[in-house]
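Here's a quick briefing to read alongside the model. Have the sequence and the 3D view open as you go.

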Amino acid sequence: VTAAGPPPAARYRHEAFPYAGADDFVARAAPLIARAVEAGDPVRVAVDAAKIERLRECLGTASASVAWTDIRRIGGNPARIIPLWRQFVARHGSRDRVWGFGEPIWPGRAPAELVEAQRHEQLLNLAFAGVANFTLICPYDTDNLDPAAVREGHRCHPFVADEDGPRPSADYPGLDAITAPLVTSLPAPGEEPSEFTLDRAGEALLRSHLVALTHQAGVDPSRADDLALAIAAVARHLGRPRVRHLVRVWREAGSVLAELRHLAATRDPLAGREWPAPADGAGRGLWLANQLCDLVQLRSHDAGAIVRLHARTL
Amino acid sequence: MYHAPDHSMAANVPLLPGEVADTNVPEEVEHWAAVYEELTDFLLRVEPPQEMVERYRRRLEHWRCRRAQLDGAPEANGHSSGDALR
């Protein structure tokens with residue numbers, strides 16, 4: 001079942017699905033979902049709550065056979081989305097075809113979130129490259145997204161499904177290029193950061209500072225604990241031996257941010273986005289940080305890695 | 001004798017981003033149980049404030065209980081499962 005034409009070959013399919021507003025989305029997505037349900041294929045739909053409601057109305061009784069997920073709740077931090085698909089695919093591993101509709105790029109995403117969500121889209125090509133029975137269709141709202149975000153959507157997907165059906169994307173550069181390390185620098189802090197040394201005395205001062213910042217922002221002080229724990233996890237698992245690491249902390253655009261620099265480089269593009277293997281220290285530190293924070297940004301180069309952690313206060 | 005699971009202990013404990021305490025999505029329940037198992041394990045290797053330890057421990061209990069409910073198995077806290085899931 002695809003938008004038109006023959007069934008897909010038995011390999012992972014990652015399709016961009018440009019649509020012009022919610023009406024167009026429902027009109028084109030509902031028949032695809034209905035046909036997959038009719039074929040007995042497992043389907044998970046991870047879009048926003050409003051579109052879920054529209055689709056459920058349209059599908060009627062068939063909607064009971066679909067797993068629904070509000071992507072705005074699960075995917076605020078896009079690094080938490082791959083495990084959701086991984087579990088769904090694993091649960092239905094013996095099926096001929098498993099269908100996912102996932103919309104990680106939505107209008108109004110903060111700039112840092114958008115960059116990481118686009119990175120997520122790129123890495124989906126790698127994460128499921130060996131999962132032959134999985135088709136993942138990613139809607140892009142061309143009416144409301146910045147055109148640059150739509151163009152990047154075409155670049156991130158090997159296939160694009162428009163009203164005429166799926167076709168190879170002319171902009172997809174291939175797996176190696178799309179999963180190459182991010183080279184874009186993180187923007188400079190919006191205000192002068194406070195610096196703390198990650199030793200016993202510095203960690204106590206750091207926690208007090210985080211508590212003060214979250215208190216000033218009027219959010220639960222537990223968010224300070226979450227951020228402090230994320231910092232500790234990153235420092236422990238990506239810290240270099242015999243190096244006293246520094247952490248910079250500042251507030252910006254409704255978030256408290258913490259940044260660790262001069263960390264050990266990691267070459268695994270999926271580090272922190274998959275369940276960590278027992279021996280995967282870097283992956284474990286980043287994975288924990290991704291559960292504790294609203295956003296985690298990793299830039300890893302030969303010289304070392306930078307990790308920036310975001311805890312939202314709005 | 002059947003005892004309804006008591007989630008009230010965990011009800012007022014602050015949640016992590018994206019965490020919904022009463023979700024019935026099996027993948028989410030499994031995910032959060034694993035998250036809190038990892039977090040409480042990691043806490044053993046650092047020296048956290050006691051209230052932080054208590055918060056994560058209570059959340060872990062909550063998710064283990066939810067996982068047991070969805071599995072239809074006896075709960076980790078010794079209570080029987082059986083209350084209707086939304």
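**A quick tour of the predicted model**

A:N125 sits in helix 5 of chain A, which runs over residues 111-127. Keep in mind that this is a predicted model.

**Around A:N125**
- With a relative accessible area of 4%, A:N125 counts as buried, because that is under 20%.
- The side chain of A:N125 makes a polar contact of 2.9 Å with the side chain of A:H14.
- A polar atom of the A:N125 side chain also lies 3.4 Å from the backbone oxygen of A:E121.
- Beyond its neighbours within four places in sequence, A:N125 touches several residues, including A:Y12, A:C156, A:P158 and A:Y172.

**Helix 3 of chain B**
- Helix 3 of chain B (residues 50-71) has 22 residues, so at 1.5 Å a residue it should span 32 Å; the end C-alpha atoms are 31 Å apart, which agrees.
- Buried residues in this helix include B:M52, B:Y56, B:W63 and B:Q69.
- Just after the helix, B:G72 has a positive phi of about 70°.

**Where chain B meets chain A**
- Chain B puts 25 residues into the contact and chain A puts in 28.
- Together the two chains bury about 2,500 Å², with 59% of it on carbon and sulfur atoms.
- B:P17, B:E27 and B:F42 supply 27% of the area chain B buries against chain A, more than any other three residues.
- There are seven salt bridges between the chains.
- A:R200 and B:E47 form a salt bridge, with their closest N and O atoms 3.2 Å apart.

Technical notes
Residues numbered from 1 in each chain as written. Chains lettered and ligands numbered in written order. Predicted model: local features only at pLDDT ≥ 70, side-chain atom pairs only at ≥ 80, totals over all residues. Heavy atoms only, no water. Helix = DSSP H or I, 4+ residues; strand = E, 2+ residues; numbered from the N terminus. Buried < 20%, exposed > 50% of the residue type's maximum accessible area, 1.4 Å probe, protein only. Polar contact = N/O pair within 3.5 Å; in protein donor to acceptor, adjacent residues only side chain to side chain. Contact = heavy atoms within 4.5 Å. Expected span 1.5 Å × (residues − 1). Buried area = accessible area lost by both parts, 1.4 Å probe. Salt bridge = Lys/Arg side-chain N within 4 Å of Asp/Glu carboxyl O.
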